[in-house]
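Welcome! Take a moment with the sequence and the 3D view, and then let us walk through some of the features together.

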Amino acid sequence: MYNLSDIDTVKSILTRHGFTFSKALGQNFLVNDEVCPAMAEEAVRDSETGVIEIGAGVGVLTAELCKRAKKVVSVELDKRLLPVLEETLADFDNFEVVNADILKLDLKELIKDKFADCRTVNICANLPYYITSPVIMKLLEDELPVESIIVMVQKEAADRLTAKVGTRNSGAITVAVNYYAQAQKFFDVYRDSFVPSPKVDSAVIKLSLYDEVPFKVDDEAFFFKMVKAIFMQRRKTASNGISAGLGIDKQKITDTLVKLGLNESVRAEALSFEELCALSNELCK
(Lines give C-alpha, C1' and ligand atoms only; values in the text may rest on other atoms or scores of the structure.)
Protein backbone atom coordinates (compact mmCIF):
# COMPACT_ATOMS: atom_id res chain seq x y z
CA MET A 1 0.00 0.00 0.00
CA TYR A 2 1.39 3.39 -0.99
CA ASN A 3 1.97 6.25 1.42
CA LEU A 4 -0.05 8.82 -0.50
CA SER A 5 0.75 11.53 2.03
CA ASP A 6 4.38 11.44 0.96
CA ILE A 7 5.07 14.08 -1.68
CA ASP A 8 7.91 12.14 -3.31
CA THR A 9 5.71 9.04 -3.61
CA VAL A 10 2.89 11.01 -5.20
CA LYS A 11 5.23 12.75 -7.64
CA SER A 12 6.80 9.42 -8.59
CA ILE A 13 3.40 7.82 -9.30
CA LEU A 14 2.21 10.79 -11.35
CA THR A 15 5.45 10.93 -13.33
CA ARG A 16 5.22 7.22 -14.09
CA HIS A 17 1.75 7.76 -15.55
CA GLY A 18 2.80 10.88 -17.44
CA PHE A 19 0.32 12.98 -15.48
CA THR A 20 0.55 16.78 -15.35
CA PHE A 21 -1.66 19.02 -13.22
CA SER A 22 -4.54 20.85 -14.90
CA LYS A 23 -5.08 24.45 -13.85
CA ALA A 24 -8.41 24.41 -15.68
CA LEU A 25 -9.65 21.64 -13.35
CA GLY A 26 -8.26 23.35 -10.25
CA GLN A 27 -6.16 20.31 -9.34
CA ASN A 28 -4.34 20.53 -6.00
CA PHE A 29 -3.81 17.11 -4.44
CA LEU A 30 -3.92 16.80 -0.66
CA VAL A 31 -0.82 15.26 0.94
CA ASN A 32 -1.38 16.06 4.64
CA ASP A 33 -1.40 12.83 6.68
CA GLU A 34 -3.71 14.27 9.37
CA VAL A 35 -6.46 15.93 7.34
CA CYS A 36 -7.77 12.95 5.37
CA PRO A 37 -8.22 10.59 8.36
CA ALA A 38 -10.10 13.36 10.19
CA MET A 39 -12.40 13.94 7.22
CA ALA A 40 -12.97 10.21 6.77
CA GLU A 41 -13.84 9.74 10.46
CA GLU A 42 -16.51 12.41 10.13
CA ALA A 43 -17.89 11.07 6.85
CA VAL A 44 -18.19 7.41 7.89
CA ARG A 45 -20.65 6.81 10.69
CA ASP A 46 -20.04 3.04 10.84
CA SER A 47 -19.15 0.02 8.73
CA GLU A 48 -22.57 0.15 7.03
CA THR A 49 -21.97 3.64 5.62
CA GLY A 50 -21.51 4.31 1.92
CA VAL A 51 -19.62 7.37 0.69
CA ILE A 52 -19.71 9.32 -2.54
CA GLU A 53 -16.41 11.12 -3.05
CA ILE A 54 -16.18 14.00 -5.50
CA GLY A 55 -12.79 14.15 -7.19
CA ALA A 56 -10.47 11.37 -6.09
CA GLY A 57 -7.15 12.89 -7.15
CA VAL A 58 -4.47 10.28 -6.46
CA GLY A 59 -6.66 8.61 -3.85
CA VAL A 60 -5.27 9.89 -0.55
CA LEU A 61 -8.70 10.75 0.91
CA THR A 62 -10.26 7.84 -0.94
CA ALA A 63 -7.98 5.34 0.80
CA GLU A 64 -8.96 6.66 4.24
CA LEU A 65 -12.64 6.41 3.31
CA CYS A 66 -12.17 2.86 2.02
CA LYS A 67 -10.59 1.80 5.32
CA ARG A 68 -13.77 2.78 7.16
CA ALA A 69 -16.77 2.63 4.81
CA LYS A 70 -18.72 -0.27 3.40
CA LYS A 71 -18.40 1.16 -0.10
CA VAL A 72 -16.81 4.23 -1.70
CA VAL A 73 -17.74 5.53 -5.14
CA SER A 74 -15.55 8.34 -6.43
CA VAL A 75 -16.85 10.62 -9.16
CA GLU A 76 -13.74 11.71 -11.07
CA LEU A 77 -13.90 13.98 -14.12
CA ASP A 78 -10.29 13.59 -15.29
CA LYS A 79 -9.98 10.27 -17.13
CA ARG A 80 -6.18 10.56 -16.95
CA LEU A 81 -6.46 9.72 -13.25
CA LEU A 82 -8.25 6.40 -13.78
CA PRO A 83 -5.06 4.31 -14.27
CA VAL A 84 -3.46 6.17 -11.36
CA LEU A 85 -6.34 5.24 -9.05
CA GLU A 86 -6.32 1.67 -10.33
CA GLU A 87 -2.75 1.45 -9.05
CA THR A 88 -2.97 3.44 -5.79
CA LEU A 89 -6.22 1.82 -4.60
CA ALA A 90 -5.55 -1.72 -5.82
CA ASP A 91 -5.68 -3.03 -2.21
CA PHE A 92 -9.33 -2.06 -1.73
CA ASP A 93 -12.24 -4.15 -3.04
CA ASN A 94 -14.89 -1.71 -1.78
CA PHE A 95 -13.90 1.07 -4.18
CA GLU A 96 -15.34 2.06 -7.54
CA VAL A 97 -14.66 5.10 -9.73
CA VAL A 98 -17.18 6.75 -12.02
CA ASN A 99 -15.68 8.91 -14.76
CA ALA A 100 -18.23 11.73 -14.95
CA ASP A 101 -18.95 15.40 -14.33
CA ILE A 102 -20.56 15.71 -10.90
CA LEU A 103 -22.65 18.66 -12.10
CA LYS A 104 -24.25 16.54 -14.83
CA LEU A 105 -24.61 13.27 -12.93
CA ASP A 106 -27.94 11.91 -11.66
CA LEU A 107 -26.87 11.34 -8.07
CA LYS A 108 -30.20 9.88 -6.95
CA GLU A 109 -29.81 7.18 -9.58
CA LEU A 110 -26.17 6.65 -8.55
CA ILE A 111 -27.17 6.14 -4.92
CA LYS A 112 -29.98 3.79 -5.87
CA ASP A 113 -27.68 1.79 -8.14
CA LYS A 114 -24.47 1.67 -6.08
CA PHE A 115 -25.50 1.88 -2.42
CA ALA A 116 -28.56 -0.34 -2.08
CA ASP A 117 -26.82 -2.43 0.60
CA CYS A 118 -25.64 0.54 2.69
CA ARG A 119 -27.60 1.78 5.70
CA THR A 120 -26.56 5.42 5.25
CA VAL A 121 -24.82 7.44 2.54
CA ASN A 122 -22.68 10.55 2.98
CA ILE A 123 -20.70 12.77 0.62
CA CYS A 124 -17.06 13.72 1.11
CA ALA A 125 -14.82 15.83 -1.09
CA ASN A 126 -11.86 18.11 -1.48
CA LEU A 127 -13.58 20.50 -3.88
CA PRO A 128 -11.77 22.55 -6.52
CA TYR A 129 -12.27 26.18 -5.61
CA TYR A 130 -13.79 27.19 -8.93
CA ILE A 131 -16.82 24.86 -8.63
CA THR A 132 -17.45 25.02 -4.88
CA SER A 133 -20.76 26.92 -5.01
CA PRO A 134 -22.29 25.08 -8.02
CA VAL A 135 -21.46 21.66 -6.55
CA ILE A 136 -22.75 22.45 -3.06
CA MET A 137 -25.97 23.92 -4.45
CA LYS A 138 -26.51 20.85 -6.66
CA LEU A 139 -25.99 18.51 -3.71
CA LEU A 140 -28.50 20.46 -1.62
CA GLU A 141 -31.12 21.17 -4.29
CA ASP A 142 -31.16 17.56 -5.53
CA GLU A 143 -32.59 16.58 -2.12
CA LEU A 144 -30.50 13.43 -1.97
CA PRO A 145 -31.04 10.65 0.58
CA VAL A 146 -27.79 11.48 2.41
CA GLU A 147 -27.14 12.47 6.01
CA SER A 148 -24.22 14.84 5.64
CA ILE A 149 -21.77 16.50 3.28
CA ILE A 150 -18.16 16.91 4.45
CA VAL A 151 -16.12 19.09 2.13
CA MET A 152 -12.87 20.99 2.03
CA VAL A 153 -13.20 24.39 0.40
CA GLN A 154 -11.29 27.66 0.21
CA LYS A 155 -11.17 29.22 3.69
CA GLU A 156 -12.98 32.35 2.55
CA ALA A 157 -15.79 30.22 1.12
CA ALA A 158 -15.93 28.17 4.33
CA ASP A 159 -16.39 31.33 6.38
CA ARG A 160 -19.24 32.41 4.11
CA LEU A 161 -20.93 29.00 3.99
CA THR A 162 -20.90 28.60 7.77
CA ALA A 163 -21.65 32.22 8.69
CA LYS A 164 -24.75 33.06 10.70
CA VAL A 165 -27.44 34.55 8.47
CA GLY A 166 -27.75 38.22 9.35
CA THR A 167 -24.04 38.83 9.83
CA ARG A 168 -21.52 40.56 7.59
CA ASN A 169 -20.04 37.32 6.20
CA SER A 170 -23.41 35.98 5.08
CA GLY A 171 -24.53 35.99 1.46
CA ALA A 172 -27.10 34.36 -0.80
CA ILE A 173 -25.33 30.99 -0.61
CA THR A 174 -25.25 31.24 3.21
CA VAL A 175 -29.03 31.55 3.20
CA ALA A 176 -29.38 28.65 0.74
CA VAL A 177 -27.14 26.38 2.81
CA ASN A 178 -29.01 27.24 6.01
CA TYR A 179 -32.30 26.44 4.30
CA TYR A 180 -31.26 22.84 3.67
CA ALA A 181 -28.70 22.04 6.36
CA GLN A 182 -26.94 22.93 9.58
CA ALA A 183 -23.46 24.14 8.67
CA GLN A 184 -20.37 24.00 10.86
CA LYS A 185 -16.68 24.59 10.31
CA PHE A 186 -14.28 21.96 11.63
CA PHE A 187 -10.72 23.07 11.03
CA ASP A 188 -8.43 25.04 8.75
CA VAL A 189 -6.05 23.38 6.28
CA TYR A 190 -2.97 25.35 5.30
CA ARG A 191 -1.80 25.71 1.70
CA ASP A 192 1.36 23.64 2.17
CA SER A 193 -0.86 20.58 2.68
CA PHE A 194 -1.32 20.36 -1.11
CA VAL A 195 0.67 19.55 -4.24
CA PRO A 196 0.96 21.92 -5.99
CA SER A 197 0.48 24.43 -3.19
CA PRO A 198 -2.39 26.89 -3.84
CA LYS A 199 -2.14 30.58 -2.99
CA VAL A 200 -4.82 30.43 -0.28
CA ASP A 201 -5.68 28.30 2.75
CA SER A 202 -8.62 25.90 2.97
CA ALA A 203 -11.04 24.67 5.62
CA VAL A 204 -13.17 21.59 6.23
CA ILE A 205 -16.88 22.09 6.81
CA LYS A 206 -19.81 19.78 7.47
CA LEU A 207 -23.37 20.24 6.26
CA SER A 208 -25.84 18.11 8.24
CA LEU A 209 -28.98 17.89 6.12
CA TYR A 210 -32.39 18.45 7.70
CA ASP A 211 -34.95 15.64 7.47
CA GLU A 212 -37.51 18.40 7.02
CA VAL A 213 -36.86 22.06 6.28
CA PRO A 214 -37.50 23.80 9.63
CA PHE A 215 -38.49 27.13 8.07
CA LYS A 216 -41.93 28.00 6.79
CA VAL A 217 -41.69 29.49 3.31
CA ASP A 218 -44.94 29.75 1.34
CA ASP A 219 -43.26 29.96 -2.09
CA GLU A 220 -39.80 28.43 -2.21
CA ALA A 221 -39.04 29.63 -5.75
CA PHE A 222 -39.96 33.22 -4.87
CA PHE A 223 -37.94 33.03 -1.66
CA PHE A 224 -34.74 32.15 -3.48
CA LYS A 225 -35.35 34.75 -6.19
CA MET A 226 -35.80 37.37 -3.48
CA VAL A 227 -32.67 36.29 -1.64
CA LYS A 228 -30.65 36.41 -4.85
CA ALA A 229 -32.00 39.88 -5.64
CA ILE A 230 -31.21 41.22 -2.17
CA PHE A 231 -27.63 40.01 -2.11
CA MET A 232 -26.96 40.87 -5.75
CA GLN A 233 -26.76 44.49 -4.60
CA ARG A 234 -25.86 44.02 -0.97
CA ARG A 235 -24.48 47.56 -0.62
CA LYS A 236 -27.97 48.91 -1.30
CA THR A 237 -30.97 48.66 1.00
CA ALA A 238 -33.02 45.46 0.89
CA SER A 239 -35.97 47.38 -0.60
CA ASN A 240 -33.82 48.72 -3.45
CA GLY A 241 -32.35 45.29 -4.15
CA ILE A 242 -35.74 43.54 -4.26
CA SER A 243 -37.34 46.30 -6.32
CA ALA A 244 -34.52 46.27 -8.89
CA GLY A 245 -34.25 42.48 -9.04
CA LEU A 246 -37.91 41.48 -8.98
CA GLY A 247 -39.67 44.56 -10.29
CA ILE A 248 -41.80 44.99 -7.16
CA ASP A 249 -42.95 48.49 -6.28
CA LYS A 250 -40.53 49.93 -3.74
CA GLN A 251 -43.29 51.46 -1.63
CA LYS A 252 -44.90 48.04 -1.25
CA ILE A 253 -41.59 46.61 -0.04
CA THR A 254 -41.08 49.52 2.37
CA ASP A 255 -44.60 49.10 3.78
CA THR A 256 -43.98 45.38 4.23
CA LEU A 257 -40.72 45.99 6.10
CA VAL A 258 -42.46 48.41 8.44
CA LYS A 259 -45.34 45.95 8.94
CA LEU A 260 -42.79 43.32 10.02
CA GLY A 261 -41.18 45.75 12.46
CA LEU A 262 -38.05 46.17 10.37
CA ASN A 263 -36.15 49.33 9.47
CA GLU A 264 -37.15 50.45 5.96
CA SER A 265 -33.45 51.10 5.22
CA VAL A 266 -32.25 47.68 6.40
CA ARG A 267 -29.53 46.01 4.30
CA ALA A 268 -29.49 42.38 3.22
CA GLU A 269 -26.68 41.30 5.54
CA ALA A 270 -28.62 42.55 8.60
CA LEU A 271 -31.69 40.34 7.99
CA SER A 272 -31.96 37.10 9.95
CA PHE A 273 -33.23 33.90 8.35
CA GLU A 274 -36.58 34.24 10.08
CA GLU A 275 -36.91 37.84 8.85
CA LEU A 276 -36.08 36.81 5.28
CA CYS A 277 -38.74 34.10 5.43
CA ALA A 278 -41.34 36.50 6.81
CA LEU A 279 -40.50 39.12 4.19
CA SER A 280 -40.77 36.57 1.39
CA ASN A 281 -44.12 35.26 2.65
CA GLU A 282 -45.57 38.79 2.77
CA LEU A 283 -44.25 39.88 -0.63
CA CYS A 284 -45.33 36.78 -2.52
CA LYS A 285 -48.98 37.13 -1.47
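## Buried or exposed

A residue is called buried when its relative accessible area is under 20%, exposed when this is over 50%, and partly exposed in between. Please keep in mind that you are looking at a predicted model.

You will find valine 31 in the loop between strand 1 (29–30) and helix 2. Its relative accessibility is 8%, so valine 31 counts as buried. Valine 31 also shows how folding can bring together parts of a chain: its C-alpha atom is 5.6 Å from that of serine 193, although 162 residues separate the two along the chain.

## An enclosed strand and its partner

Next, look at strand 6, which covers residues 148–154. How much of strand 6 is buried? Six of its seven residues are, so the rest of the structure largely encloses this strand.

Strand 6 has a neighbour to look for, strand 5 (residues 120–126). The two strands run parallel and are joined by four bridges. To see one of the pairings, find asparagine 126, whose bridge partner in strand 6 is methionine 152.

Helix 3 runs over residues 60–68. Seven of its nine residues are buried, so helix 3, too, is largely enclosed by the rest of the structure. The buried residues are Val60, Leu61, Thr62, Ala63, Glu64, Leu65 and Cys66.

Which side chain does glutamate 64 meet in a salt bridge? The partner is arginine 68, at 2.9 Å from N to O. Both residues belong to helix 3 and sit four residues apart, about one turn of the helix. Through salt bridges that share partners, Glu41, Glu64, Lys67 and Arg68 form one network.

Arginine 68 also meets glutamate 41 in a salt bridge, with an N to O distance of 2.7 Å. This pair links distant parts of the chain, since glutamate 41 belongs to helix 2 (residues 35–43) and arginine 68 to helix 3, 27 residues apart. With a relative accessible area of 22%, arginine 68 is partly exposed.

## A salt bridge between two loops

Across the whole structure, a search finds 20 salt bridges. One of them joins the side chains of arginine 119 and aspartate 46, at 2.9 Å from N to O. Arginine 119 is in the loop between helix 5 (107–114) and strand 5, while aspartate 46 is in the loop between helix 2 and strand 2 (49–54), so this pair ties together parts that are 73 residues apart in sequence.

## A negative patch on the surface

Finally, turn to the surface. Which residues gather in a patch of negative charge there? They are Glu141, Glu143, Asp218, Asp219 and Glu220.

Let us pick out aspartate 219 from this group. Aspartate 219 lies in the loop between strand 9 (202–209) and helix 9 (220–232). Its relative accessible area is 32%, so aspartate 219 counts as partly exposed.

Definitions and conventions. Residues numbered from 1 in each chain as written. Predicted model: local features only at pLDDT ≥ 70, side-chain atom pairs only at ≥ 80, totals over all residues. Heavy atoms only, no water. Patch = residues over 30% accessible without salt bridge, like charges linked within 9 Å, V, L, I, M, F, W, Y side chains within 5 Å. Areas by Shrake-Rupley, 256 points an atom, 1.4 Å probe, with all protein chains shown as cover. Salt bridge = Lys/Arg side-chain N within 4 Å of Asp/Glu carboxyl O. Lys, Arg positive; Asp, Glu negative; His and termini not counted. Charge placed at Lys NZ, Arg CZ, Asp CG, Glu CD. Buried < 20%, exposed > 50% of the residue type's maximum accessible area, 1.4 Å probe, protein only. Pairing = 2+ DSSP bridges.
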